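I opened this entry to keep track of what I looked up in the structure. I wanted to know how its parts meet and what surrounds the ligands.

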Amino acid sequence: MKTALVTGITGQDGSYLAELLLEKGYHVHGVVRRSSTFNTSRIDHIYRDPHEADARLFLHYGDLTDGQNLTNLVLDVQPDEIYNLGAQSHVRVSFDVPAYTVQTVGIGALNVLEAARQLNKTKPTRVYQASSSEMFGEVKETPQTERTPFSPQSPYACAKVYAFHQTVNYRKSYDMFASNGILFNHESPRRGETFVTRKITRAATRIKVGLQEKLYLGNLDAKRDWGYAKDYVEGMWRILQHDEPDDFVLATGETQTIRTFLDYTFGTLDLDWNQYVEIDPRYFRPAEVDLLLGDYSKAKAKLGWSPTISCKELAELMVQHDMVLAKNEAASK
Ligand code: NAP
Ligand code: F7E
């Protein structure tokens with residue numbers, strides 16, 4: 001039975017990955033930040049009392065900015081696999097808190113690699129680094145592949161480029177199994193509510209039941225390659241099961257504007273979004289990433305990985321989930 005350590009376990013991807021690893025029989029250890037309110041709502045359904053004989057999910061306080069804590073944890077847990085998913089992951093917010101973003105995303109990844117290097121002296125471990133399509137930024141070619149040059153356009157993306165290169169550096173310098181997944185946008189009913197897809201599905205369903213009148217957005221012309229988070233955590237796992245460490249793009253190979261996502265979402269509810277959406281310049285970014293479109297053929301050929309859900313199906317799935325939330329909210333008023 002394998003043991004995995006997951007940073008960012010309370011996030012969207014961390015929660016789906018923890019479910020997947022538990023299904024596969026792993027012992028899963030998650031790093032959780034101390035917070036003044038509970039931050040484990042995405043994983044509460046899979047958590048058992050650790051004293052129970054069948055408990056296989058264990059949570060530990062920690063923070064990516066605390067390298068000593070991470071090293072102690074890694075040496076204590078002795079994981080076969082480490083998934084570094086923790087991050088200040090909001091691109092717009094990274095312009096407001098650039099130094100904090102670089103600390104968690106950039107130095108945080110270095111701290112994880114350094115902890116893994118210490119463990120690797122006595123036990124082999126494999127590291128997955130959550131790299132991002134945001135690294136392509138002002139894209140140099142379309143579609144983007146593992147060979148496309150990076151051109152980051154935000155403090156977040158700059159920090160991810162640093163983490164990407166450190167992962168490759170640790171792989172080469174210390175002969176470690178350290179791999180990057182370059183993941184394009186992936187969404188789900190567990191997506192944070194300030195990312196554009198979830199903001200749209202939450203608002204559209206609340207508008208449908210009469211709880212909200214307007215939806216304020218920024219740039220509607222940006223294009224994103226949106227997939228389903230559950231497909232992407234399967235890809236993360238496959239990246240670490242591969243016979244050698246490497247870097248892989250995970251994407252759908254299709255791209256849509258925010259307008260098209262609005263069409264899909266409001267269309268499912270028989271609403272015309274033009275009547276409800278207003279532009280608020282607060283949501284524009286100092287620099288925008290206009291177009292992302294990934295080529296996942298390497299992951300398909302080497303890992304047998306492919307996405308299973310189209311963007312339209314994804315929007316419908318999210319609307320279905322958020323409609324239940326909206327109806328419950330309306331009923332409790
Ligand atoms: P998310 O929902 O924002 O989750 C981020 C996680 O990181 C949360 O568990 C958060 O804890 C934790 N975290 C934040 N700061 C931390 C710190 N200083 N120390 C320890 N943990 C910290 O992000 P996601 O969508 O699941 O994405 C997972 C990873 O993939 C991130 O690294 C993200 O940058 C990257 N990525 C995401 C996408 C995407 O489209 N979703 C695409 C490419 C790459 P709290 O719950 O306490 O906030
Ligand atoms: O923005 C536009 C915005 O915040 C998508 C993160 O998971 O994926 C995510 O980063 C687009 C941008 O995601 C609003 O300008 C318009 O063009 O949902 P988002 P993101 O910035 O692409 C990458 C791959 C990651 O790695 C990140 O961690 O939508 N947009 N109006 C808006 N965006 C937001 N958030 N809110 C708006 O009101």
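I began with the area hidden between the two domains. In this predicted model, domain 1 and domain 2 bury about 1300 Å² between them. Carbon and sulfur atoms account for 67% of that area. I then asked which residues of domain 1 lose the most area to domain 2. I found R92, W226 and Y228, which together make up 52% of what the domain 1 side buries.

Next I noted where the domains run. I have domain 1 as 3-187 + 226-250, and domain 2 as 196-223 + 255-290 + 309-331. I counted the residues in the contact: domain 1 gives twelve and domain 2 gives 18. I also looked up the distance between the C-alpha centres of the two domains, and it is 28 Å.

I checked for charged pairs and polar pairs across the interface. How many salt bridges does the rule find there? I wrote down zero between domain 1 and domain 2. For polar contact I wrote down three residue pairs between the domains, with both residues of a pair at pLDDT 80 or more.

I then asked which elements of domain 1 touch domain 2 with at least two residues each. I listed α3 (91-96) and β10 (227-228). Of the elements on the domain 1 side, α3 gives the most, with three residues. I sorted that side by class and got four nonpolar, four polar and four charged residues.

I turned to ligand 1. I see 25 residues around ligand 1, and T10, D13, R33, S89 and Y156 come nearest. For L85, a backbone N or O atom lies 2.9 Å from an oxygen atom of ligand 1. For H186, a backbone N or O atom also lies 2.9 Å from an oxygen atom of ligand 1. For Y100, I noted an N or O atom in the side chain at 3.4 Å from a nitrogen atom of ligand 1.

I count 23 residues surrounding ligand 2, and the closest are S89, S132, Y156, R285 and E288. How far is an N or O atom in the side chain of R285 from an oxygen atom of ligand 2? I noted 2.5 Å for R285. A polar side-chain atom of K199 is 2.8 Å from an oxygen atom of ligand 2, and one of N185 is 2.9 Å from an oxygen atom of ligand 2.

Last, I looked at the backbone. Most residues other than glycine have a negative phi, and most peptide bonds are trans. I therefore marked two entries against that background. The peptide bond from T142 to P143 is cis, with omega near 0°. I placed P143 in the loop between β5 (126-132) and α5 (155-174). Q78 is not a glycine, and its phi has a positive value, near 55°. I found Q78 in the loop between α2 (67-77) and β4 (81-84).

Conventions:
Residues numbered from 1 in each chain as written. Chains lettered and ligands numbered in written order. Predicted model: local features only at pLDDT ≥ 70, side-chain atom pairs only at ≥ 80, totals over all residues. Heavy atoms only, no water. Domains from an automatic or database assignment. Contact = heavy atoms within 4.5 Å. Buried area = accessible area lost by both parts, 1.4 Å probe. Salt bridge = Lys/Arg side-chain N within 4 Å of Asp/Glu carboxyl O. Polar contact = N/O pair within 3.5 Å; in protein donor to acceptor, adjacent residues only side chain to side chain. Helix = DSSP H or I, 4+ residues; strand = E, 2+ residues; numbered from the N terminus. Nonpolar A, V, L, I, M, F, W, Y, C, P; charged D, E, K, R; others polar. Near = heavy atom within 4 Å.
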